[in-house]
Amino acid sequence: MRTEIIYADSTGDLEWVGEKAADLLAAGEVVALPAETVYGLAADAMNPDAVAKIFAAKDRPAHDPLIVHIGNRDDLRLIAEIPDDIAEVCKKLRDEFWPGALTIILPKRPEVPDSVTAGLDTVAVRMPADNVFRAVLKAFQGPLAAPSANRFGRVSPTSASAVEDELGGRIPLIIDGGACRDGVESTIIKIEAVEGTKPNFHVLRTGPVTIEMLKPFGRCKLPGKKGYVSIGIEAPGQLDSHYAPTTPLRVVERPEDFVPEEGKRYALLTLDGGKKSKLMDAAAWDKIEMLSPGAGKLPEAAVRFYHLLRQLDGGGFDEIIAEPMPDLGLGVALNDRLRRAQHGSGSAPQHAADE
Ligand code: TXA
Ligand code: MG
């Protein structure tokens with residue numbers, strides 16, 4: 001299949017781009033497009049045959065559910081039910097964070113195909129903020145299912161060229177809207193009402209809407225953190241082998257103390273240049289990439305994260321050594337992705353057929 005790439009930036013005609021994508025989507029096709037988080041691969045959420053094409057293009061196993069994207073608040077009713085006991089907090093969260101990078105898990109409407117939700121009785125929903133994504137939703141006039149536009153288990157794409165590397169030849173259209181503003185996937189929460197006090201937010205995936213931002217609205221519960229009690233709703237598909245480069249990656253607490261093995265080529269992924277001279281002394285790195293050179297700013301680090309991971313992955317190194325990020329704000333999401341990248345790195349992506 002030939003993959004067409006069209007450009008949509010602030011100077012382009014978004015309406016034309018939206019309509020071109022909507023025509024393909026209405027015909028049951030898939031389209032790759034930018035979100036503010038990462039690039040997504042969209043299909044008509046209500047058409048099982050179209051949804052099946054997402055799974056096929058990505059080699060994604062059927063047990064990994066998709067996020068449904070809506071263009072306006074009213075469309076929420078088409079796909080989800082909002083239980084009375086969380087209606088108020090749901091509204092507050094929507095008012096505060098939509099359009100934006102917060103995905104909420106809600107009981108699903110029967111009209112949503114089982115393939116979207118992997119047979120679960122819940123559906124993941126968000127309203128994206130990206131202009132291109134919004135133009136496509138507006139032209140299509142219906143909910144769009146869209147996972148990240150990478151092959152299953154691989155590093156998420158934050159540029160159109162990364163999507164082309166992942167899915168070129170497998171999909172008919174990629175919309176190039178430039179680099180993604182946030183750079184990591186949306187935060188996913190499931191809300192649990194608690195009698196007489198604030199609700200619990202089970203944070204199934206950390207992301208651009210940080211724990212600090214969610215705190216005024218409820219109590220955040222994170223797997224692996226102190227006080228977390230599993231209630232069996234960890235995000236399916238949140239496998240430890242996600243977001244993985246093919247080059248082995250290791251998170252090292254103090255890279256300045258790292259002892260390289262003779263004859264091996266190492267790349268270092270670090271937050272800023274603050275410790276650069278010390279790091280340069282400590283080991284013979286073949287390459288040092290800084291996520292936020294000089295500044296050490298986490299939002300900048302997030303925007304560059306997957307891009308640099310991809311570049312280092314293609315650099316022919318024996319190992320990528322990554323320094324952990326500060327464990328606050330966006331750093332929590334970056335550390336989560338680093339941990340998963342370490343776990344799944346160095347091996348070929350798992351095939352749906354192997355599941
Ligand atoms: O930022 C994003 O969320 C991007 C853009 C394209 O919007 N999308 C994205 O989708 O990251 P994906 O497929 O890579 O991640 C979706 C994850 C699933 O792997 C699963 O962990 C979780 O969302 N999920 C989906 N439906 C769920 C459900 N009903 N219950 C629990 N988790 C669910
Ligand atoms: Mg993904």
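In which sense do strand E5 (residues 102–107) and E6 pair, and over how many bridges? The two strands pair in the antiparallel sense, over 4 bridges. The model described here is a predicted one.

Strand E6 covers residues 122–126. Of its 5 residues, 5 are buried, so the strand is largely enclosed by the rest of the structure. Both faces of E6 are covered. On one side the buried residues are Thr 122, Ala 124 and Arg 126, and on the other they are Val 123 and Val 125.

Arg 126 in E6 has His 69 standing opposite. Val 125 in E6 is the bridge partner of Ile 104.

| Strand | Paired with | Sense | Bridges |
|---|---|---|---|
| E5 (residues 102–107) | E6 | antiparallel | 4 bridges |
| E13 (residues 266–270) | E15 (residues 319–322) | parallel | 4 bridges |

## Helix H6

Helix H6 runs over residues 131–140, and its buried residues are Val 132, Phe 133, Ala 135, Val 136, Leu 137 and Phe 140. Among the elements that cover these buried residues are helix H1 (14–26), strand E2 (31–34) and strand E3 (39–44). E4, E7 and strand E8 (173–176) also belong to this cover.

The N-terminal end of the helix is capped by Asp 130, with a side-chain oxygen 2.8 Å from the backbone nitrogen of Val 132. After H6 comes Gln 141, which has a positive phi, near 60 degrees.

## Ser 156

Ser 156 sits in the loop between strand E7 (144–145) and helix H7 (160–167). Is this residue, Ser 156, buried or exposed? Its relative accessible area is 1%, which is under the 20% limit, so Ser 156 counts as buried.

The side chain of Ser 156 is in polar contact with that of Glu 185, at 2.4 Å. With neighbours within four places in sequence left aside, the residues in contact with Ser 156 are Val 38, Ser 148, Asn 150, Glu 185, Tyr 243, Tyr 306 and Arg 310.

## The sheet E12-E15-E13-E14

An open sheet is formed by 4 strands, in the order E12-E15-E13-E14, with parallel pairing. Its edges are strand E12 (249–251) and strand E14 (287–290), each of which pairs on one side only. On average, neighbouring strands of this sheet are turned by 20 degrees against each other, direction ignored.

Within the sheet, strands E13 and E15 run parallel and are joined by 4 bridges. In that pair, Tyr 266 has Glu 319 of E15 as its bridge partner. Helix H11 (residues 330–344) packs on the sheet and touches E12 and E15. The direction of H11 makes about 135 degrees with that of E12. Helix H10 (residues 298–313) lies across E12, E13, E14 and E15, and runs at about 170 degrees to E14.

## Cysteines

How many disulfides are counted in the model? With a cut-off of 2.5 Å between cysteine sulfur atoms, the count is 0 disulfides. Cys 180 has a relative accessible area of 3% and is buried. Cys 220, at 22%, is partly exposed.

Technical notes:
Residues numbered from 1 in each chain as written. Chains lettered and ligands numbered in written order. Predicted model: local features only at pLDDT ≥ 70, side-chain atom pairs only at ≥ 80, totals over all residues. Heavy atoms only, no water. Buried < 20%, exposed > 50% of the residue type's maximum accessible area, 1.4 Å probe, protein only. Polar contact = N/O pair within 3.5 Å; in protein donor to acceptor, adjacent residues only side chain to side chain. Contact = heavy atoms within 4.5 Å. Pairing = 2+ DSSP bridges. Axes fitted to C-alpha atoms, helices over the stretch in contact; angles between N-to-C directions.
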